[in-house]
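Please read them with the structure at hand.

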Amino acid sequence: MFEKVLIANRGEIALRIIRTCKELGVSTVAVHTTVDQDSMHVRMADEAVCVGRPASVNTRESYLSERNIIAACEITGADAIHPGYGFLAENSEFVEKVNEIGIKFIGPSAEHVRLMGDKIEAKSVMRANGVPCVPGVETGLESIDEVHGAARFLGYPVIIKATAGGGGRGMRQVKSPTELEQAYVQARQEAHAGFGDSRVYIEKLVTNGRHIEIQVLGDGRGNSIHFGERDCTIQRRHQKLLEETPSPVIDSRMREEIGEICCKAISSLGYEGAGTVEFLYQSGKFYFIEMNTRLQVEHPITEMVYGVDLVEEQLRIAYGHELTFSQEDLECRGHAIEARINAETVPGFVPCPGRVELFHSPGGLGVRMDSNLYNGYTIPPNYDSLVGKLIVHAVDRSAAIARLERALGELIVHPINTTVPLFQQLIRDERFHASDYNVHWLENWIEEIGEKLRG
């Protein structure tokens, strides 16, 4: 196993990775900015290195600085880097540079990161490997006339997406020809600002779809397994807020079928490490949208129902081990739900940074809280507002919802406003209990109950 791993991330995900490393006897190095020097992941790591100033000064000077992260590895003698998610996790040039100097990147090859980072190429490869895809036009969209032609061919409504996109950036839904030109221009501008690549493509909009993703692991030798699906349909502006597994709308036959399709695809690529194949699901059909070549924010719910530490598996595979268990060894037990606890004031989702005077984590059977909060910690305004993930596990969905309601009532982050009130209202709604919703439902629901959330 690796002797020392540097975690090129911050907050709860860095802390989560450190915990697994400690259990495996692996030394850890935390990196941090000047505003993160008192963060829990810095306190828990064996060593810590300051890599620059916070994001509001220059995003390229710290967590996104390839030079600074690599220098931190060399200074501390780390023999591997775990990227977590975000930041440099899906930067193929960074993966290349790290591997070239003899430091192991804990994740897939630069080739696979690059391939799946290009949404057009990813769709082409997945389609060639038998993965069902959303109908779309992926090439030749260099003028508004070509975009109009593609939209007419597909039929409205359509969605314009950034080729190098992710996280909802560079996406625009278009319901009619009159909206198309403005959406096209805005998507290109946002794509260029967010990814340095203004290329876009166009797909048929799946209007009533659910967001279903398949967790996979490959060992780089053609062996692969899947851990079923996660249902990430509860989202706002393409940002996930609540995830659960198994999905209330997927049965065992469908799970096995789509899981096998995904495994065959990544096996044919010789994919190494963890990945998530994401789909829109509607009327019994799956439509591939992208593959994330990293650990997902919502990975804990998969760990809860399968009893497998996905970070440990990432480390073992990166060190050169083959998969140590087969698909037949995996059994989904019970139901798990994750609520993302953001430091935001709902319903406007305005960030709420500041000092946490009192933090109390919920507990009890089947409750897990992944968070870097503690009494006296100051949430900085420079980064994503996610401050924790509340995960519950129970024998079935109804019991998991009841456990989540109880745990939300125990959680205290005083005096910071969080998304807890949103979840408390959501899990009391009959439509949520009936699983009667799609990826667009939550935004309308928030408008309906806005006054309750303000109260």
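1. The largest nonpolar core has 45 residues, of which Ile 341, Leu 404, Phe 423 and Leu 426 touch the most other members. A nonpolar core here is a set of buried Ala, Val, Leu, Ile, Met, Phe, Trp, Tyr and Cys residues joined through side-chain atoms within 4.5 Å; buried means under 20% relative accessible area, exposed over 50%, and partly exposed in between, with a 1.4 Å probe and protein chains only. Two or more residues each come from strand S12 (239–245), strand S15 (335–342), strand S20 (367–371), S22, helix H12 (397–410), H13 and helix H15 (441–448). H12 gives the most, with five residues. Helices (H or I, at least four residues) and strands (E, at least two) are DSSP runs numbered from the N terminus.

2. Basis of the values. The model is predicted: local features need pLDDT of at least 70 and side-chain atom pairs count only at pLDDT 80 or more, whereas totals for chains, interfaces and linings use all residues. Residues are numbered from 1 along each chain as its sequence is written, and side-chain values use heavy atoms, with hydrogens and water left out.

3. Leaving aside neighbours within four places in sequence, Phe 423 is in contact (heavy atoms within 4.5 Å) with Leu 241, Leu 242, Ala 339, Arg 340, Ile 341 and Leu 408.

4. Gln 424. This residue is found in helix H13 (residues 420–426) and counts as partly exposed at 23% relative accessibility. Gln 424 touches Leu 408 and Gly 409, when residues up to four places away in sequence are not counted. From Gln 424 to Leu 404 the C-alpha separation is 8.8 Å, against 20 residues in sequence.

5. Aromatic pairs. Rings of Phe, Tyr and Trp (its six-membered ring) pair if their centres lie within 6.5 Å; planes under 30 degrees apart count as stacked, over 60 as edge-to-face and the rest as tilted. By this rule there are 13 aromatic pairs. One of them joins Phe 2 and Tyr 319 edge-to-face, at 5.1 Å centre to centre and 80 degrees between the planes. Phe 2 belongs to the segment before strand S1 (4–7) and Tyr 319 to helix H11 (residues 310–319), 317 residues apart. Phe 2 is buried at 6% relative accessible area, whereas Tyr 319 is partly exposed at 40%.

6. Tyr 63 and Tyr 383. The ring centres of Tyr 63 and Tyr 383 are 5.6 Å apart and the planes stand at 75 degrees, so this pair is edge-to-face. Tyr 63 lies in the loop between strand S3 (47–52) and helix H3 (66–76), and Tyr 383 in the loop between strand S21 (378–379) and strand S22 (386–394), so the pair ties together parts 320 residues apart in sequence. Tyr 63 is buried at 1% relative accessibility, and Tyr 383 is buried with a relative accessible area of 13%.

7. Helix H3. Glu 66, Ile 69, Ile 70, Ala 72, Cys 73 and Thr 76 are buried in H3. Seen down the helix axis, the buried residues of H3 fall within an arc of 150 degrees, so they line one face; the arc is that of the directions from the helix axis to the C-beta atoms. These buried residues pack against S1, strand S2 (27–33), S3, strand S4 (80–82) and helix H4 (92–100). The face of H3 turned away from the buried side carries the exposed residues Arg 67, Glu 74 and Ile 75.

8. Helix H10. Seven of the eight residues of helix H10 (residues 299–306) are buried. Gly 307 follows H10 and has a positive phi, near 65 degrees.

9. His 211. Located in strand S10 (residues 210–219), His 211 counts as buried at 8% relative accessibility. Not counting residues up to four places away in sequence, the residues that His 211 touches include Arg 230, Asp 231, Glu 278, Phe 279 and Val 439.

10. Overall fold. The protein chain has 16 helices and 23 strands. Of its 455 residues, 58% count as buried.
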